[in-house]
Amino acid sequence: MNWKSLLRHETFLALLLVVVLIVLSFQSDRFFTVSNLLNQGRLMTEIGLIAIAMTFVIATGGIDLSVGSILGLTAILTGVFWQNVGLPLPVAAVAAIAVGTFAGFVNGLIITRFTVPPLIATLATLALYRGLAEGISQARSVRGYPDWFYVLGQGEVLGVPTQLWILAAAAIIASIILAYTRWGRTVYAIGSNEVASRFSGLSVEKTKLALYTASGFAAALAGVIFVSRVSTTRSDMGTGIELDAITAVVLGGTSIFGGRGTIAGTMIGLCLIQALKNGLSLAGVKGDGTIMLIGAVLILAILASNLFERSGTR
Amino acid sequence: MTAAPYVSLTGMSKSFVGVKALKDVSFDVRPGEVHALLGENGAGKSTLIKMMSGLYSPDAGTITIDGKEVRFASTRDASAAGIATVYQELLLFPELTVAENVFLGNYPRRPGGWIDWSEVRARTRALLDQLDTFDLDVDAKVLTLSVAQRQRVEIAKALSKDARILIMDEPTASLVESDVQRLMAVVRQLRERGVGIVYVSHRMPEIFALADRVTVLRDGGYVATRDIGEVDEAELVSMMVGRPIDSLFPKAEAAIGDTVLEVKNLNHGRHVQDLSFSLRRGEILGVAGLVGSGRTELALTLFGMTPATSGSISLEGRTVSITSPRQARDLGIAYVPEDRGQQGLVKQMAIRKNVSMASIERFSSGIFIKAGEEAQRALDAVKRLRVRCRNIAQPVGELSGGNQQKVVIAKWLETNPKVLILDEPTRGVDVGAKAEIHTIMGELVKQGVAILMISSELPEVLGMSDRILVISGGRLTGEIDRADATPERVGMAMTAHQSGEAA
């Protein structure tokens, strides 16, 4: 470790986050309180879970635009399986997650088997899965879930929102996989040079298939948590969430061309976005202003990291 | 006879982020001479050329044109001073025609600012005729031209700007032999007309055939400038590498053992037709053939990249079917590909990670990579194959061609292959590293590895192989033992036409 290794995107971003937190806490008394921060953690879990899987996908040079639709499909299926089909709620949720995971698997299959570019493949399934969700829901919403179900989205464990534990566990496991295992190594290799990876005997197709499946699973899990948090199910849930997740990933230093990126970066990017959203709204800035500022931060962060970063794959 | 130099560079130095690329180098070019610039990859030739053509500005040193000191702030300044460059990767616009490319940015105008197209075409025609290139249509789109023709267009473009000095960076690297002869005729003709030519090439025969003087660089430093009559090939090579090279092809005598690989009636598409051969332990089997003859396709089929459509492959007596590189690797077949940058290496990644890439399972317990063991194996490999690098964390892309190739070989040696396929193992590799790669091959066959070596370089095939397979049009046209192999025999088989092609 030398001083140069500290000059990387994640460090810069973490410093920026600290500055933002300090500035925002001066803007509003209500911002830097334990209850507000924990509540923000609750709000960012769904994007966070999706962003973790998205980090892997983007690090291979791919992208998954269909996650918002998979989230919506899973949400609606949870409600329909429970209320209309009559399955017990836990079984309904698991079945819905299985369908969401399968939707991710289908993405992977289209991308690897038929060599459709990920952008096109998942743009198509974005429309397909959302249409499916709307067709199934028939514009009805499902409410009245049993109280115990809300523990997941609205409850707390040891004083911390339940879903934040899930996010933390997912982040830790994912960063270990990406940094220390041969799966993680394969992800970086594919993202840096897919042809050479294939020529080195790495299982390029299997890895990609697994990643898009995992992305579907993350979106599906986020869908069930979403339902539990807002107490209701609608077919338009998760619309546009793919862009929030991609923003967090790219802000976190993952190269959109692949080969570079860390889970820590993604998590810091996620926190930064959430802090800006919440802090600025508490400080009385309108929603449009917040979005513009997030856009500006994204561009600045990328410019700054280009200045001192050449290779960040550890 | 010895005219005053048109351009001279004195005491040129240049550093890139703390690394000295060039230290105190002097170089000059006289009108009407061919001055060859020699050196291994990384010796500083490109840096010197780029300063002469205004692409880099020197940290120290002066450039004089006709005795007057000048400063090039851009390539435009250098071009105005009469210096033109034909780069190795040709910089033409494929969608434009020959004439449009030649005068691009500097079109003759008619009153009112309209481009005078008939003038553009007439002058392009005249320039090409001067280069004895009567067969090239000025209205043809550049993308339809061969590499040799494109090069001719580049030269015409340089002449259109009244170049006094023409820098040619490895002009013959991607040309076939007949085009090389034509290019050399063009160079001689330009010399007659008083153009000074800087000729960068690895190929000794060309240098002795063309150059009047030769300057050698090594590790960014100036070694010597000599008249070509004063030196011989061995002397130049030892000046380049800084030590004497004993022999160009150190053929190691290894005991040849049992058959490892037996291929029968192998087919894949048009380029692999009915190929049968066998390969034995400790043997180097050379594969010769023209570009497009199916040499690489044979390798890709054996490696499972383009699986065989029919025929049989057996390894150590066991019939196998190979449908993916992964499977080939597990069976003990390794392939060092032709295109190092695209297929062989992940350039952004560290040496350590590239070395372990094909055998990552062996460096893991469960799914976790054993970083310590990985680093140790990479260190051993770097030492054993004499890879010159800062450390094993250095990105492979920063290494020279020869050292990159050694990393690819190291990667495959980690899989303990029984059969090692080397596709153009020394292409784009400098003389010193080339001899080292040949030595490594010798050590491997002594350990019982069977090597299938594909090469475009006939001396390499003849020098290194125990036996030579010749392929033409996807079919085997010759199998020649080392003792009987002559350039003529192999050359004949390479151009042999298959009468049964249509069948």
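Just after helix H13 of chain A, A:Gly284 takes a positive phi of about 90°. The model is predicted, so local features are given where pLDDT is at least 70 and side-chain atom pairs only at pLDDT 80 or more, while totals for chains, interfaces and linings use all residues. Residues are numbered from 1 along each chain as its sequence is written, and chains are lettered from A, with ligands numbered from 1, in the order in which they are written. Helices (H or I, at least four residues) and strands (E, at least two) are DSSP runs numbered from the N terminus.

**Helix H13 of chain A**
- Helix H13 (residues 263–282) of chain A has 20 residues that should span 28 Å at 1.5 Å a residue, and because its end C-alpha atoms are 28 Å apart, the two values agree; the expected span is 1.5 Å times one less than the number of residues.
- H13(A) is mostly covered, with 15 of its 20 residues buried, where buried means that 20 or more other C-beta atoms, placed from the backbone, lie within 10 Å of the residue's own.

**Confidence in chain A**
- Chain A averages a pLDDT of 89, and 95% of the residues score at least 70; pLDDT is the predictor's confidence in each residue, from 0 to 100.
- Over residues 310–314 of chain A the pLDDT stays under 50, and the model has twelve contacts beyond four places in sequence for this stretch, a contact being a pair of residues whose C-beta atoms, placed from the backbone, lie within 7 Å.
- Where pLDDT is low, the predicted coordinates should not be read in detail.

**Interface of chains A and B**
- In the model, 18 residues of chain A are in contact with 22 residues of chain B.
- Helix H9 (182–192) and helix H10 (194–199) of chain A are the elements that give two or more residues to the side of chain A that touches chain B, and the largest share, five residues, comes from H9(A).
- By class, this side of chain A has six nonpolar, nine polar and three charged residues, with Ala, Val, Leu, Ile, Met, Phe, Trp, Tyr, Cys and Pro counted as nonpolar, Asp, Glu, Lys and Arg as charged, and the others, Gly among them, as polar.

**Six-stranded sheet of chain B**
- Six strands of chain B form an open sheet of mixed pairing in the order E16-E19-E20-E13-E21-E22, where two strands pair if DSSP finds at least two bridges between them.
- Its edge strands, each pairing on one side only, are E16 (333–336) and E22 (475–481) of chain B.
- Strand E13 (residues 284–288) and strand E20 (residues 450–454) of chain B pair in the parallel sense over four bridges, and B:Gly286 stands opposite B:Met453 in E20(B).
- Helix H15 (residues 431–446) of chain B lies across E13, E19 and E20 of chain B, running at about 150° to E20(B); axes are lines fitted to C-alpha atoms, for helices over the stretch in contact, and angles run from 0 to 180 degrees between N-to-C directions.

**Four-stranded sheet of chain B**
- Four strands of chain B form an open antiparallel sheet in the order E12-E11-E14-E15, with E12 (272–280) and E15 (318–320) of chain B as the edge strands.
- Strand E11 (residues 259–268) and strand E14 (residues 310–315) of chain B pair in the antiparallel sense over five bridges, and the bridge partner of B:Val263 in E14(B) is B:Ile313.

Technical notes: Contact = placed C-beta atoms within 7 Å. Buried ≥ 20, exposed ≤ 12 C-beta atoms within 10 Å, placed from the backbone.
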